[in-house]
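I opened this entry to keep track of what I looked up. The notes follow the order in which I checked things.

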Amino acid sequence: MLRSFIVALLTFAALANARCVQGSRTLVIYDERLSVLDNYSNLFNSMRERDYTLDFISVANETSSLQLFKGENKIYDNLMVFPIKGKTLNKHVSGKSLLQFSLAGGNVLAVSSPESLSDPVRLFLNQLGIYPSPKDYRLVDHFQKSSDGIRIGTDGLKNRFVYKPYDEEEDFFITNSSVAILDNREQLVPILVAPRTSYASGKGKDLWVSGSQGYLVVGFQALNNARTAWVGSPEFLSNSNHQSNGILAKELTKWTFKEKGVIKTNGFRHSHIDGTSYEEAPYKIKDAVNYEVSFSEWNGEEWQPFEATDIQFELKMLDPYYRLNLIPSHRDETYQWYTTGDFRLPDHHGVFTFQVDYKRAGLSLVSVSDVKAIRHLAHDEYPRSWEITNARVYISGIFAVIFAWVLFVIFFVSTSKTTKNFNTEKKNN
Amino acid sequence: MQLMRHLFALCALVYSCLALQAKNVHLTFPGSQRRGILLGDIESQTQKLEEPVQVNAQDESLELNFAVSPAEKPEQVELLVGLPERGLEVVYEPKITDNKELIMYRFSIDVSKIPKALLHYSKDDEEPISVSMILASPESDNVFVPVFDMSLTFNDEVEYTEPVRYEAKPEIRHVFNPEPKTVPWPLAQVFVFIISLVVFGLVIALMSSGALNFGNLPLNFNIVYFFAFIGSIIGFEYIFIQYYIGKSIFETLLAALYLGFPALWVGTKFLRIFKCT
């Protein structure tokens, strides 16, 4: 009893110290015939320093058991899959189970090489819209004189949330790499693009992809905020390229396992401009209101205010009536608040949605909405007739008639009968 | 010194032998009467055509032909067509004819088959489409040069729908229905004045025709009924005005009820007296 309590306490303490928002239990699946773990010691040590719990399973060993779920619960939060020879992985994990792992919120970092990309990983990546080159197709660039590999400048980086270089002169070194073609999906996060002059071809010289249409590192941000990243070359992460790629590799694992690019909201509020809430005075058409929403970003250690200039608010009833860029208002230690400023509700009544749907490639997806009715004007809330200039003429007429009527009655009852003689002539034909 | 000069010349000779070159490059316009353009030989230092090639119709096609000597047959021969600044490029591969003495390459660019995104952005931004040539082999002086630009001069609209991306969308602000138009207040005042004038004219006309002589005004206690009768009529008008400016119908009915009974009694009393006079 005491032992299990201590284990639970230690597990909780490990999770509490974890720098990734979701969890740090990480499984590394590799093939010892292809990958020597010592070659990636810098990467793994860097992860251990960030409080990751790493379990290693080599699928080359027939007897090794590999389970991603216990019942319906994930055993691991993160999964790293290194190149695996032939169909060895199929015996342990299927493409469907990788997809289930992602659907359950698990993050996956898949590494392939021109020599090996196991079917489950390929099927899983294809489901996401990432199509790595077939076996033995590798990236070639004859314009790079070094026979060891290909250098890619910072202009090849495509997402600043994954990695924003400090030095624009920085180069990344990639050797023996597969190349992927991407589907046209908004969930995909291109990270490193192939050089313009490169191409990927196989033994038969068939071209797989050419120029900047090929990608070497790609991310995927699912709607449930689970992340997947694919790297076309295991050497990209290895110690031998640590000097050139070390920071990018570290930032890539940080992004994939939700240490960075993670934002959240603490909530939203909207009210009349004088602060009266909807509950106190339900909105009616043309009311002046304002809307505020807070955002916070995980910096690897704590939540801090999230700064952005492209957060938008939408007021929708089927279609948006308003789409406003939010402006920063106030902030505290954790949250940055954004506001629409004052705006008038539409002159249409109905059931409207107050919504902030902030989705950006490389950031976790945040969506908050509130459905509220906007009523039409009551009968006594329209402008009165005397406020309308046209009506003043008619009002004058009404009061003129009233005045004349009262005067006529007074005249009629107060005046005595008088007889006036008129000269009449009988008309004789 | 002499030795160095010879070595330098030898290196230059070897380098020039390794340098790739597209020979007799010429651009033709199949299916049209336009004359072809001879671009000459293209090497790594060759400049692109100064003037962009005009594309006058969306169904136009261009052909770029050149030859390479079999000794220096490049591994990679491609044409990049696109807008490099936007990161939009499509890669064309050649049709190769090997006739032993020369290897002939032919690239066909059918403008109608160029991706719509390229045509759209090129027309929208008035930016010519760049055509670059790649000739490359390992250990060679490779060629990657812009050859010419294509300027789209046709008037047809290029229909293109941008793919959905996670990004900020254009702002929308609700356009309110216009406020109802009303007459200017000075003009309304003119009509109000005319109405007042007509009422005043009516009073003058009544008085001038002898309709007001107060001869029938009761002189005894009955004058009280007279004033009460007139007062009840004014009272009813007052209740109506109160209703008009916002009193509820229930308050109005109650007030009318309170005034109605005495007004009926006083009115009856006064009208009986009035009948006798």
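Where is the place of A:Asn225? I found A:Asn225 in the loop between strand 15 and strand 16 of chain A. Helices (H or I, at least four residues) and strands (E, at least two) are DSSP runs, numbered from the N terminus.

Before going on I noted the ground rules. This is a predicted model, in which local features need pLDDT of at least 70 and side-chain atom pairs count only at pLDDT 80 or more, while totals for chains, interfaces and linings use all residues. Residues are numbered from 1 along each chain as its sequence is written, and chains are lettered from A and ligands numbered from 1 in the order in which they are written.

**Entry: positive phi values**

I read a phi near 70° for A:Asn225, a positive value in a residue other than glycine. Most residues other than glycine have a negative phi. A:Asn225 counts as partly exposed because 17 other C-beta atoms lie within 10 Å. The cut-offs are 20 or more other C-beta atoms within 10 Å for buried, 12 or fewer for exposed, and partly exposed in between, with C-beta atoms placed from the backbone.

A:Leu318 also went on the list, with a positive phi near 65°. I located A:Leu318 in the loop between strand 20 (312-317) and strand 21 (319-325) of chain A. Is A:Leu318 buried or exposed? A:Leu318 is exposed, because 8 other C-beta atoms lie within 10 Å.

**Entry: helix 5 of chain A**

I then went through helix 5 itself, residues 242-256 of chain A. Its buried residues include A:Leu248, A:Ala249, A:Leu252 and A:Trp255. Lysines are listed as buried there too, namely A:Lys250 and A:Lys254. The buried residues of helix 5 pack against helix 2 (41-49), strand 6 (107-111), strand 10 (171-174), strand 15 (215-221) and strand 16 (227-231) of chain A. Contact here requires C-beta atoms, placed from the backbone, within 7 Å.

**Entry: nonpolar cores**

How many residues are in the largest nonpolar core? I read 67 residues, and those with the most contacts inside the core are A:Val81, A:Val179, A:Leu192, A:Tyr215, A:Val217 and A:Val218. Such a core is a set of buried Ala, Val, Leu, Ile, Met, Phe, Trp, Tyr and Cys residues joined through C-beta atoms within 7 Å. I followed A:Leu192 to its partners, among them A:Ile152, A:Phe172 and A:Tyr215, leaving out residues up to four places away in sequence. A second, separate core has 33 residues, including B:Leu39, B:Ile42, B:Ile114 and B:Met133.

**Entry: domains of chain A**

Chain A is divided into domain 1 (15-257) and domain 2 (262-374), with bounds from an automatic or database domain assignment. I noted 36 Å between their C-alpha centres. Between the two, 10 residues of domain 1 are in contact with nine residues of domain 2. The side of domain 1 that touches domain 2 has five nonpolar, three polar and two charged residues. In this count Ala, Val, Leu, Ile, Met, Phe, Trp, Tyr, Cys and Pro are nonpolar, Asp, Glu, Lys and Arg are charged, and the others, Gly among them, are polar.

**Entry: chain B**

I counted five helices and 10 strands in chain B. Its C-alpha trace spans about 150 × 45 × 40 Å along the principal axes. Chain B is divided into domain 1 (10-152) and domain 2 (185-276), and their C-alpha centres lie 100 Å apart. Buried residues make up 18% of the 277 residues in chain B.

I also looked up B:Leu254, in helix 5 (residues 249-276) of chain B. B:Leu254 counts as partly exposed because it has 13 C-beta neighbours inside 10 Å. The C-alpha atoms of B:Leu254 and B:Leu219 are separated by 34 Å.

**Entry: where the chains meet**

The contact takes 53 residues from chain B and 45 residues from chain A. Which helix of chain B gives the largest share of the side that touches chain A? Helix 3 of chain B does, with 10 residues. I noted the classes on this side of chain B as 32 nonpolar, 12 polar and nine charged.
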